[in-house]
Amino acid sequence: MDDDSSDGMSDAGFTEADDRLWMEKESLAMERRSRTVGFREGIDVGKEQTLQEGFDHGYKHGAAKGFQSGLLQGLLRAFKHQFPHAAETEAIAALASELKAAEEATILQGEIPTATAAQATAVVAALAPVVPVDIPSSMTTYS
């Protein structure tokens, strides 16, 4: 052990071919680890993108449907507050309660509440004697 460059480990018995074989094995192991990490990162990125796309679509769809329901309920509530002594107020209040109950039942079922064409027609009919109401045609295209 007079060799100053010795680290205490003997290379006795190892050839250049053994070193090459060891380096190839180590290189393959490193490549496999890198591929695994890259695969996992790719899955994470893919999940994130898919989740965002799904959220964007669901939000847009849910907002449009919820707006319809809110529009009808808002018309009925505005009428009740604006005309508290009108003869139609009691019928309007009953219709508003009916719409609210339908909305809550839909939410409990895990669905997005929306206004049906029949509900839009009922609101227009209820308000028509006192206030001319024009429900957008888009209200009758969703169900």
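This is a predicted model: local features need pLDDT of at least 70, side-chain atom pairs count only at pLDDT 80 or more; totals for chains, interfaces and linings use all residues.

Biologist: Which residues of helix 1 are buried?

Modeller: Two terms first. Helices are DSSP runs of H or I with at least four residues, strands are E runs of at least two, and both are numbered from the N terminus. Buried means under 20% relative accessible area, exposed means over 50%, and partly exposed sits in between (1.4 Å probe, protein chains only). In helix 1 the buried residues are Ala 29, Gly 62, Lys 65, Gln 68, Ser 69, Leu 72, Gln 73, Leu 76 and Phe 79.

Biologist: And what do those buried residues pack against?

Modeller: The protein has 3 helices and 0 strands, running α-α-α from the N terminus on. Contact here means heavy atoms within 4.5 Å. The buried residues of helix 1 pack against helix 2 (89-108) and helix 3 (117-127).

Biologist: Let's pick Leu 72. How far is Leu 72 from Val 123 in space?

Modeller: Leu 72 lies in helix 1, which covers residues 16-82. Leu 72 counts as buried because its relative accessibility is 1%. Leu 72 and Val 123 are 51 residues apart in sequence, yet C-alpha to C-alpha the spacing is 6.8 Å.

Biologist: What does helix 1 reach from its first C-alpha to its last?

Modeller: Helix 1 has 67 residues.

Biologist: Which domain does UniProt list for residues 38-76?

Modeller: That stretch of chain is 100% helix and 0% strand, with its end C-alpha atoms 56 Å apart. UniProt positions are given in the numbering used here, feature names are shortened, and annotations may be inferred rather than shown by experiment. The unreviewed UniProt entry gives residues 38-76 as "domain: Essential protein Yae1 N-terminal".

Biologist: On to charges. How far apart are the closest N and O atoms of Glu 31 and Arg 35?

Modeller: Side chains of opposite charge can pair when their charged atoms come close. A salt bridge here is a side-chain nitrogen of Lys or Arg within 4 Å of a carboxyl oxygen of Asp or Glu. Glu 31 and Arg 35 both sit in helix 1, 4 residues apart, about one turn of the helix. They form a salt bridge, and the closest N and O atoms are separated by 2.8 Å.

Biologist: Is Glu 103, the salt-bridge partner of Lys 100, buried or exposed?

Modeller: Lys 100 and Glu 103 both lie in helix 2, 3 residues apart, and their closest N and O atoms are 3.2 Å apart. Lys 100 is partly exposed because its relative accessible area is 30%. Glu 103 has 15% relative accessibility, so Glu 103 counts as buried.

Biologist: Last one: how many salt bridges does the count come to?

Modeller: Arg 33 with Glu 26 is another pair, with the closest N and O atoms 3.9 Å apart. By the rule above, the count comes to 4.

Note on methods:
Residues are numbered from 1 along each chain as its sequence is written. Side-chain values use heavy atoms; hydrogens and water are left out. The expected span of a helix is 1.5 Å times one less than its number of residues.
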